[in-house]
Amino acid sequence: MNQGMADNVANDNIVLIGMPGAGKSTLGIVLAKIMNYNFIDADLVIQNQCDRTLQKIIDGLGPEGFIQVENQILSDLKAERSIISTGGSAVYSDEAMKHLAQIGTIVYLKISYEELVRRLSDLQERGVVLKGGIGMSLRELYDERRPLYEQYADVTVDVNDLSLTAAARKVADAIEKSRK
């Protein structure tokens, strides 16, 4: 590939990462409306390509198998002017995260552990990848993922105790500041 081609890779996307329940999908839709962007829910892309729910993929392949599928699909994702909501486990896939960083700005939607507990009642129904197995506690999940989110984030936005709209506006403002 010549140099001119590489410059044409769209990197105007916004990639949302964060814990399950942080609002990546719901906030992402509102953010897409505020910024006049498209919206891509990576979990739905994975479900469509595998023709199964996330939970069925996890049940069938195990957490590690699911992470491989997620890595493959996210590494091949193409988008322009889109808000991309990733699954909470996307940060386990270094290859996928490097690709997402090339095509956009990675925004970490940060919530406290207490807020996570409040927002998540049942992990099982949400298709949450528990690398440590079904016995893994929410606290262990939070402690395992938080450093990964911080490592990959270009922008971190604390969305604790904010309404959906207020959180989306805060994210839009943070993105605008980061682009100046």
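Of the 52 residues in the largest nonpolar core, Ile14, Ile17, Leu27, Leu31, Val107 and Val171 touch the most other members; a nonpolar core here is a set of buried Ala, Val, Leu, Ile, Met, Phe, Trp, Tyr and Cys residues joined through side-chain atoms within 4.5 Å. The model is predicted, with local features needing pLDDT of at least 70 and side-chain atom pairs counting only at pLDDT 80 or more, while totals for chains, interfaces and linings use all residues. Residues are numbered from 1 along each chain as its sequence is written, and side-chain values use heavy atoms, with hydrogens and water left out.

**Nonpolar cores**

- Leucine 27, one of the core residues that touch the most other members, is in contact (heavy atoms within 4.5 Å) with Leu16, Leu109, Val159, Leu164, Ala167, Ala168 and Val171, leaving aside its neighbours within four places in sequence.
- A second, separate core has seven residues, among them Ile57, Phe66, Val69 and Ile73.

**Packing of helices H3 and H4**

- Helix H3 (residues 42-50) packs with helix H4 (residues 54-75) at an angle of about 110°, and their axes are 11 Å apart; helices are DSSP runs (H or I, at least four residues) numbered from the N terminus.
- The axes are lines fitted to C-alpha atoms, for helices over the stretch in contact, and the angles run from 0 to 180 degrees between N-to-C directions.
- H3 is therefore roughly perpendicular to H4, a term that covers angles of 65 to 115 degrees, whereas under 35 counts as roughly parallel, over 145 as roughly antiparallel and the rest as oblique.
- From H3 the contact is made by Ala42, Asp43, Val45, Ile46, Gln47, Gln49 and Cys50, and from H4 by Leu54, Ile57, Phe66, Val69, Glu70, Ile73 and Leu74.
- By class, this contact of H3 with H4 has 10 nonpolar, two polar and two charged residues, where Ala, Val, Leu, Ile, Met, Phe, Trp, Tyr, Cys and Pro count as nonpolar, Asp, Glu, Lys and Arg as charged, and the others, Gly among them, as polar.

- Six salt bridges are found in a search of the whole structure, each being a side-chain nitrogen of Lys or Arg within 4 Å of a carboxyl oxygen of Asp or Glu.
- Glutamate 115 is placed in helix H6 (residues 113-119), and it counts as buried because its relative accessibility is 6%, buried meaning under 20% relative accessible area, exposed over 50% and partly exposed in between (1.4 Å probe, protein chains only).
- Its salt-bridge partner arginine 118 has its closest N and O atoms 2.1 Å apart from those of glutamate 115, and both residues lie in helix H6, three residues apart, about one turn of the helix.
- Arginine 118, in turn, counts as exposed, because its relative accessibility is 58%.
- Glu115, Arg118, Arg119 and Asp161 are linked in a network of salt bridges, and glutamate 115 is in contact with Asn160 and Asp161 when its neighbours within four places in sequence are left aside.

- Arginine 139 forms a salt bridge with aspartate 143, with the closest N and O atoms 3.2 Å apart, and both lie in helix H7 (residues 138-152), four residues apart, about one turn of the helix.
- Both partners are partly exposed, arginine 139 with a relative accessible area of 33% and aspartate 143 with one of 38%.
- Arginine 146 and glutamate 150 meet through their side chains in a salt bridge (3.8 Å, N to O), and they too lie in helix H7, four residues apart, about one turn of the helix.
- Arginine 146 is partly exposed at a relative accessible area of 33%, and glutamate 150 counts as partly exposed at 42% relative accessibility.

Note on methods: Helices (H or I, at least four residues) and strands (E, at least two) are DSSP runs, numbered from the N terminus.
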